[in-house]
Protein chains: 2
Amino acid sequence: MESTTTQTLHVDLGDRSYPIYIGTDLLGQAELYQRHIPGQQVMVVSNETVAPLYLEQVLTALNGFQTASIILPDGEKFKTLAIWNHIFDALLNKHFDRRCTILALGGGVIGDMAGFAAAAYQRGVHFIQVPTTLLAQVDSSVGGKTGLNHALGKNMIGAFYQPRCVIADTNTLNTLDDRQLVAGLSEVIKYGLITDAAFFIWLEQNLDNLLNRDISALSYAIQCSCQNKAQIVAADELETGQRALLNLGHTFGHAIETGMGYGEWLHGEGVGAGICMAASLSQKAGWLTKGEKKRIIALIEHAGLPTEPPAQLNPARFKELMSVDKKVLDGNLRLILLQGIGKSLVTDNFKHDDLTATLNEYGNAN
Amino acid sequence: MESTTTQTLHVDLGDRSYPIYIGTDLLGQAELYQRHIPGQQVMVVSNETVAPLYLEQVLTALNGFQTASIILPDGEKFKTLAIWNHIFDALLNKHFDRRCTILALGGGVIGDMAGFAAAAYQRGVHFIQVPTTLLAQVDSSVGGKTGLNHALGKNMIGAFYQPRCVIADTNTLNTLDDRQLVAGLSEVIKYGLITDAAFFIWLEQNLDNLLNRDISALSYAIQCSCQNKAQIVAADELETGQRALLNLGHTFGHAIETGMGYGEWLHGEGVGAGICMAASLSQKAGWLTKGEKKRIIALIEHAGLPTEPPAQLNPARFKELMSVDKKVLDGNLRLILLQGIGKSLVTDNFKHDDLTATLNEYGNAN
C-alpha cells in the first residue's frame, strides 16, 4: 500500500458540493488554490505553531493573489470571541472585500475560527480548509461545522458553513507532535465504530503502522474517515438526524474539555475517554457485549488515548456540564450509543441509572 | 384612511417565507406568538429603554412557554461582540437548547444582535422580530440582515438569517421619542426614491401627518415600505444584485456613523444626510435634474433629518471610511445613485472627481 497520487473525494451538497484532496506535497500546488479561489484577495489564518512551518510555502503558492495573513495563538483556549475578532481586524485593516477568500492553515481550532469568520465577514465570503493535523484532516475540516467556545459550553457559537475545498497534505503530519497525532486517532476510531466495522478491524490490525506514521496507512485512514464523513454529511448537512452519530463520545468529551478548562485535554483525548464511556453505557443498556466493549477500550488504550475521564470531574459536575450539550432537546439528554461495532444510534432511550452508574465508575463520588 | 385591522404581508423566500404583521395591539396577542414558535423555550432580547415599556406585556402573552429575558444597554455603540456574548450567557445559563426561539423586542440594534445570536447559537435556532421603532418596522426587521459593528466598519460581522415572522405593533410608536421617529423616516423616504415614485409623492403630501404621528398615515407608510422591501428581498435574498438598492445613502451614512463613533448619529440620520449626498452626486453625474435634487433635499429637511454630513469628517477621512463598505468589489467603490425619483442603480460608473466634488461641498477641506 504505497502511493503518492492525490486522492480526491467529494462532499455532495448540491451547489455547495466540494472536493477533498488528500496526498503528499499539496501545500505548494498553486493550481489547486487557483482552481478554488474566485477573487483576488486571500487572507491566510494560521497559528504560532503552524505558521513558521508552512505559511511561507502556502503564500508562495498563492503568488499572483493579493495575500495577507493573521497568526493567532495556538490552542483550544483561544477559540474565543475576543481572539476571533483579530481576524476581522486583519481583514478590515487590509480592506478585504466581499469577494475575498479566507484560508484556514492549521488544526481544528484554526479551521473552526477561520470558517466561522468566513461565514460572518460581510455576511459571508469564500472559505478554504488546509488542515495540518490528523484530527483536522480526518474530521473537523470536512462538513462545514464552524464555531467558537463559550465559557459555559464548547462550540456553542457558530455556523454551518461549507468550504470550497479541503486540501489535506499528509506531509504536514511529519511535523505533528505525538500527542496531537494520537488525539486525531480517536476520531478515526469513531468512524469504525459508528458505521464501518471493516474499518474498525483494519484499525485493530494497523494501529501500529499509524502510530509509526507509515504514510500509506495514514493516507488510507484519512481517506476512509473522510469518505464516511462525506456520506453522512451529504445525507444530513444541518444535523437534523443521523449526522449526530458523528458525535459518538463527544458529549462526554466536551464535558471534559469544558470542565477541565479548554486546552487542558485535547479534543481528541476527551473524545477517546468519551468513546469508552459511551461503550460502557451501551454495554450496561444491553446493546453491546462485554467482548465488544473490551475491544473498543483496548483499541483506544493501544492508541495511547485516555480511556477514563479525569478524576477531578465528579458525576454531578459531569451531568451539569452535559446538560448544555447541543443534542439536548426539550430538556432530554440524547447520546450516541453503540449497538455493536459499526452500528450506532442517537437516543434518549437509556436508563438514567445506567448513565449515573457509568459516571460513578470513574467519578470520585463527591 | 383609518383602520385598526391587522395587515399581513409576505416575504416570499420558498421554505424560508414568512409573514409581516402590521397593526395595533399586536404585542399582547398570544395566538400570534403561538403560531410561529415551534418549541417550548423563548428568550426575549430587549434593551433598557424598551423592556420597561413592553417586556411584561410580551412575557404575559408568552404564558405557557418557558420564557427568559436578557436586557442589553440601549444604543448603536453597544452593537459589539462583547455585548452580543451576553445573549449566549443568558441562553446557556438557562440551558436553552437547539429548539429554542430568540425573540427580538426593540429597534434595529436589538433586531440585528438578537438575529445574529439566533443564527449562531448552537449553529442556528428560531428567531422572531418584534420591532418597536419606526426604523425597525419599515426596514431592519424585514429581510434577514443581522450583524454587529466592528471598530473599523459598520455591520461587518453578521449573517443573512430570516425570522419566522415580524410583528410590527404600531402602538409602540406612541412611546418613540421624536428623534427616533424622524430617523425612521429616512428609510421610508428611501423606498420612494429607489423604486416607488408614487410613494415619494404621497410622502411629499403626507409628511406632516407622519410627523404628527397620525396612525393611519404611519400604518400606510409602514405597509408601503415593507411591501417594497419584501419584493426586493424575495428577488435577491443574499444581495448578489438589486438588493443593494436598499442601501441608497448608506455608504455615506455608515461612514458618518463609524467616523463619528457609533451612536453619535442615529443610523437614520446618517442615511438622511447620505441620501442628500447621493442625490448631489447623481445630479453632478447628469442623471438627476436640479429640480429633482431639490425636491429630495427638501423632503429630507422637512422631515427634520440632517441634509449634510458633520463638518468634522473631511473628504479624505470620508473616503477612507467608505473604502471598507461591503459594496466595494476588487477595490472599486460602488454606490447607489439615482436616475430620477423612483429610479436607482448600483454602479461604480461615476466620475471620481464628482465624488470628490460632492465630499468637498460639505467637507472642511482639511
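How are helices α6(B) and α7(B) oriented to each other, roughly parallel or roughly antiparallel? In this predicted model, in which local features need pLDDT of at least 70, side-chain atom pairs count only at pLDDT 80 or more, and totals for chains, interfaces and linings use all residues, the axes of helix α6 (residues 178-194) of chain B and helix α7 (residues 197-211) of chain B come within 7 Å and cross at roughly 150°. The two helices α6(B) and α7(B) are therefore roughly antiparallel to each other. Axes are lines fitted to C-alpha atoms, for helices over the stretch in contact, and angles run from 0 to 180 degrees between N-to-C directions; angles under 35 degrees count as roughly parallel, over 145 as roughly antiparallel, 65 to 115 as roughly perpendicular and the rest as oblique. Helices (H or I, at least four residues) and strands (E, at least two) are DSSP runs numbered from the N terminus. Residues are numbered from 1 along each chain as its sequence is written, while chains are lettered from A and ligands numbered from 1 in the order in which they are written.

On the α6(B) side, the contact is made by Leu185(B), Val188(B), Ile189(B), Tyr191(B), Gly192(B) and Leu193(B), two residues being in contact if their C-beta atoms, placed from the backbone, lie within 7 Å. Helix α7(B) contributes Ala197(B), Phe199(B), Phe200(B), Leu203(B) and Leu210(B). By class, this contact comprises ten nonpolar residues, one polar residue and no charged residues; Ala, Val, Leu, Ile, Met, Phe, Trp, Tyr, Cys and Pro count as nonpolar, Asp, Glu, Lys and Arg as charged, and the others, Gly among them, as polar.

Helix α9 (residues 250-260) of chain A packs against helix α12 (residues 315-322) of chain A at an angle of about 105°, with the axes 9 Å apart. That angle makes α9(A) roughly perpendicular to α12(A). Thr251(A), Ala255(A), Thr258(A) and Gly259(A) of α9(A) meet Arg317(A), Phe318(A), Leu321(A) and Met322(A) of α12(A). Four nonpolar, three polar and one charged residue form this contact.

Chain A is divided into domain 1 (7-175) and domain 2 (178-362), with bounds from an automatic or database domain assignment. The C-alpha centres of these two domains of chain A lie 25 Å apart. Across the boundary, 30 residues of domain 1 of chain A are in contact with 31 residues of domain 2 of chain A. On the domain 1 side, β1 (7-11), β2 (18-23), α5 (134-140) and β8 of chain A each supply at least two residues, and α5(A) gives the most, with five residues. This side divides into 13 nonpolar, eleven polar and six charged residues.

Between the chains, 30 residues of chain A are in contact with 30 residues of chain B. The elements of chain A giving two or more residues to this side are α3 (81-93), α4 (108-120), β7 (145-150) and β8 (153-160), of which β8(A) gives the most, with six residues. The chain A side divides into 14 nonpolar, ten polar and six charged residues.

Chain A can be laid on chain B with an RMSD of 0.0 Å by a turn of 180° and a shift of 0.0 Å along the axis, copies being superposed by least squares on the C-alpha atoms of residues with pLDDT of at least 70 in both. That is the relation of a two-fold axis. In chain A, the C-alpha nearest the axis belongs to Leu81(A), 3.5 Å from it. The same surface serves both copies, as 100% of the contact residues of chain A recur in chain B.

The model scores ipTM 0.95 and pTM 0.96. Chain A averages a pLDDT of 95, and 98% of the residues score at least 70, pLDDT being the predictor's confidence in each residue, from 0 to 100.
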